Amino acid sequence: MNRYKSFGLGKLLEMDYQGRKSSCTIPIEAVEDLTIKLRSEEGFGSYQEIQIWLKEEHAIEVAYSTVHKLVRYSKATIK
């Protein structure tokens, strides 16, 4: 809003702003591997086990809430 007030609509439209960049903390390869593991009979007993697995297998440390959101709400892992 401050830029609009300072520069006006014309200058604002000239700026090449494309919005906030998506920051996926888990690479697609790890998500694909996780999906396979979740579909297997072995699977996981908890979201914390998934956190540990991601750290050991893919060297990725993510928050519990990130793992929960990915597994619980992502269509990629539920198919």
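This is a predicted model: local features need pLDDT of at least 70, side-chain atom pairs count only at pLDDT 80 or more; totals for chains, interfaces and linings use all residues.
Me: What makes the packing of H2 against H3 oblique?
Reply: Helix H2 (residues 28–39) packs on helix H3 (residues 47–58) at about 125°, with the axes 11 Å apart. H2 is therefore oblique to H3, since the angle is not under 35 degrees (roughly parallel), over 145 (roughly antiparallel) or from 65 to 115 (roughly perpendicular). Axes are lines fitted to C-alpha atoms over the stretch in contact, and angles run from 0 to 180 degrees between N-to-C directions.

Me: Which residues of H2 and H3 meet?
Reply: On the H2 side they are Glu29, Ala30, Asp33, Leu34, Lys37 and Leu38, and on the H3 side Ile50, Trp53, Leu54 and His58. By class, this contact (heavy atoms within 4.5 Å) has six nonpolar, one polar and three charged residues.

Me: Why is Leu34 called buried?
Reply: Leu34, in helix H2, has a relative accessible area of 0%. Buried means under 20%, exposed over 50% and partly exposed in between (1.4 Å probe, protein chains only), so Leu34 is buried. Beyond its neighbours within four places in sequence, Leu34 is in contact with Phe44, Ile50, Trp53, Leu70 and Val71. Leu34 and Trp53 are 19 residues apart along the chain, and their C-alpha atoms are separated by 8.9 Å.

Me: What makes the pairing of Lys37 with Glu42 a salt bridge?
Reply: The closest N and O atoms are 2.9 Å apart, and a salt bridge requires a side-chain nitrogen of Lys or Arg within 4 Å of a carboxyl oxygen of Asp or Glu, so the pair qualifies. Lys37 counts as buried, at 17% relative accessibility, whereas Glu42 counts as exposed, at 64%.

Me: How many salt bridges does the structure hold?
Reply: There are two, and one of them joins the side chains of Lys55 and Glu61 at 3.9 Å, N to O. Lys55 is partly exposed, at 47% relative accessible area, and Glu61 is exposed, at 65% relative accessibility.

Key. Residues are numbered from 1 along each chain as its sequence is written. Side-chain values use heavy atoms; hydrogens and water are left out. Helices (H or I, at least four residues) and strands (E, at least two) are DSSP runs, numbered from the N terminus. Ala, Val, Leu, Ile, Met, Phe, Trp, Tyr, Cys and Pro count as nonpolar, Asp, Glu, Lys and Arg as charged, and the others, Gly among them, as polar.
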